[in-house]
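Work through the exercises below with the structure in view. Try each task before reading its solution.

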There are 2 protein chains.
Amino acid sequence: MNERSKQRRVDDRRLEILASAGGAIRKLGLRGAGMREIAEAAGLSAGNLYYYFRSKEELVYFCQVRTLDALIDVAKTAAASQGGARVQLGHLIEGHLRVLLDSRTAGAVHLEFDDLPPPLYGKLVRKRDRYEKLVRALIVDGQARAEVRPGNAKLKAFALLGALNWSARWFHPGGVYSVGDVALSFADQLLGGLLS
Amino acid sequence: MNERSKQRRVDDRRLEILASAGGAIRKLGLRGAGMREIAEAAGLSAGNLYYYFRSKEELVYFCQVRTLDALIDVAKTAAASQGGARVQLGHLIEGHLRVLLDSRTAGAVHLEFDDLPPPLYGKLVRKRDRYEKLVRALIVDGQARAEVRPGNAKLKAFALLGALNWSARWFHPGGVYSVGDVALSFADQLLGGLLS
């Protein structure tokens, strides 16, 4: 087995662990959940968990990288889709919510990583900046076609992303609203505020 | 001096301290800033700071209570103002941003208090719920007058409040945008998404 497929196997197992511990992570937050609680929720010994994640920092970093990579994919797919700003931004809104709220992923990740040490923090900030740039490009392109209202694209993107990101703080999987309910309602409201 | 005016004097001094430490709190976050850093930034000895706030928890609680009380005042003033949903929700958007972002207050408070112990946490949750209820009422009343689009008022309020609350995470006082710039842009976008 080469290095690459070995890494993939480790990553798959890491994902399984995070999925099993998803409930505990959602309940306590990625910040509040200790390695002991995460191991317990995943049915592992603490030692076994430390085999897959050398530290809590590495675990948080792994979650955040996966989330940001998935968001970047969503933005790229949105930009490649036909049908103008309504379709593209609609795809972005639904995709962003699914990445953050879908319980099959590692649970609600609050996109908060201020606690991480500088090298890891810096890498995540660059990924987040890349995502935000893609989102702004959707808005600017829509403005160039007069499909999106004029105005500062950076501030527009902040309002849009704020509404989406905050959802990880109040959404409860299996609660009153499905991810689909949230996506429909948010798409109506957020597109209503962006489209001309 | 009676108990009440004594308490007010202590609270005034507490506000002064937090205002002096505002830069450090904004930079490190309320969560990241230690009592030592806060004392230093406010030009106090640690012992003197502990005279005003017995613990970091008490300091965080004090900040959050003041922020939530100020938000509740904003929502009440919005509800009492004439001119329909556009004026009322416009007032709310601008007022919410000013409470969170205005550097004359204790600095950007992220409305995150999950770390606090149950009794303090519970009190803040009740205040936050009270604010959110007032915001939903503005939306529901607007819907009753057909000024706000139909749809789930709770989800609409979550999207609105998410956009506003997230601003504390990216806004830099003295940066490219003034609070007024943000308020104008956000009002246009967020009202556009809510009004019919």
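## Exercise 1: Relating the two chains

Chain A can be laid on chain B by a turn of 180° and a shift of 0.0 Å along the axis, with an RMSD of 0.0 Å. The model is predicted.

**Task.** Name the relation that this turn and shift describe.

**Solution.** 
- Step 1. Take the turn of 180° together with the shift of 0.0 Å along the axis. That is the relation of a two-fold axis.
- Step 2. Check the contact surface. Of the contact residues of chain A, 100% recur in chain B, and the same surface serves both copies.

## Exercise 2: The side of chain A that touches chain B

**Task.** Find which elements give two or more residues to the side of chain A that touches chain B.

**Solution.** 
- Step 1. Start with the contacts: 25 residues of chain A are in contact with 25 residues of chain B.
- Step 2. Sort them by element. Helix 2 (22-32), helix 8 (153-170) and helix 9 (179-194) of chain A each give two or more residues.
- Step 3. Pick the largest share. Helix 8 of chain A supplies it, with 10 residues.
- Step 4. Sort by class. This side of chain A has 11 nonpolar, 11 polar and 3 charged residues.

## Exercise 3: The largest nonpolar core

**Task.** Which residues touch the most other members of the largest nonpolar core?

**Solution.** 
- Step 1. The largest nonpolar core has 68 residues. Ala163(A) and Ala163(B) touch the most other members.
- Step 2. List the contacts of Ala163(B), leaving aside neighbours within four places in sequence. They are Ala159(A), Gly162(A), Ala163(A), Phe186(B) and Leu190(B).

## Exercise 4: Ile139(B) and Ala146(B)

**Task.** Decide for Ile139(B) and for Ala146(B): buried or exposed?

**Solution.** 
- Step 1. Ile139(B) lies in helix 7 of chain B. It has 24 C-beta neighbours inside 10 Å, so Ile139(B) counts as buried. The cut-off for buried is 20 or more.
- Step 2. Beyond four places in sequence, Ile139(B) is in contact with Val148(B), Ala153(B), Lys156(B) and Ala157(B).
- Step 3. Ala146(B) lies in the loop between helix 7 and helix 8 of chain B. It has 10 C-beta neighbours inside 10 Å, so Ala146(B) counts as exposed.
- Step 4. Check the backbone. Phi of Ala146(B) is positive, near 60°, in a residue other than glycine. Most residues other than glycine have a negative phi.

Notes
Residues numbered from 1 in each chain as written. Chains lettered and ligands numbered in written order. Predicted model: local features only at pLDDT ≥ 70, side-chain atom pairs only at ≥ 80, totals over all residues. Core = buried A, V, L, I, M, F, W, Y, C linked by C-beta atoms within 7 Å. Buried ≥ 20, exposed ≤ 12 C-beta atoms within 10 Å, placed from the backbone. Contact = placed C-beta atoms within 7 Å. Helix = DSSP H or I, 4+ residues; strand = E, 2+ residues; numbered from the N terminus. Nonpolar A, V, L, I, M, F, W, Y, C, P; charged D, E, K, R; others polar. Least-squares fit on C-alpha atoms with pLDDT ≥ 70 in both.
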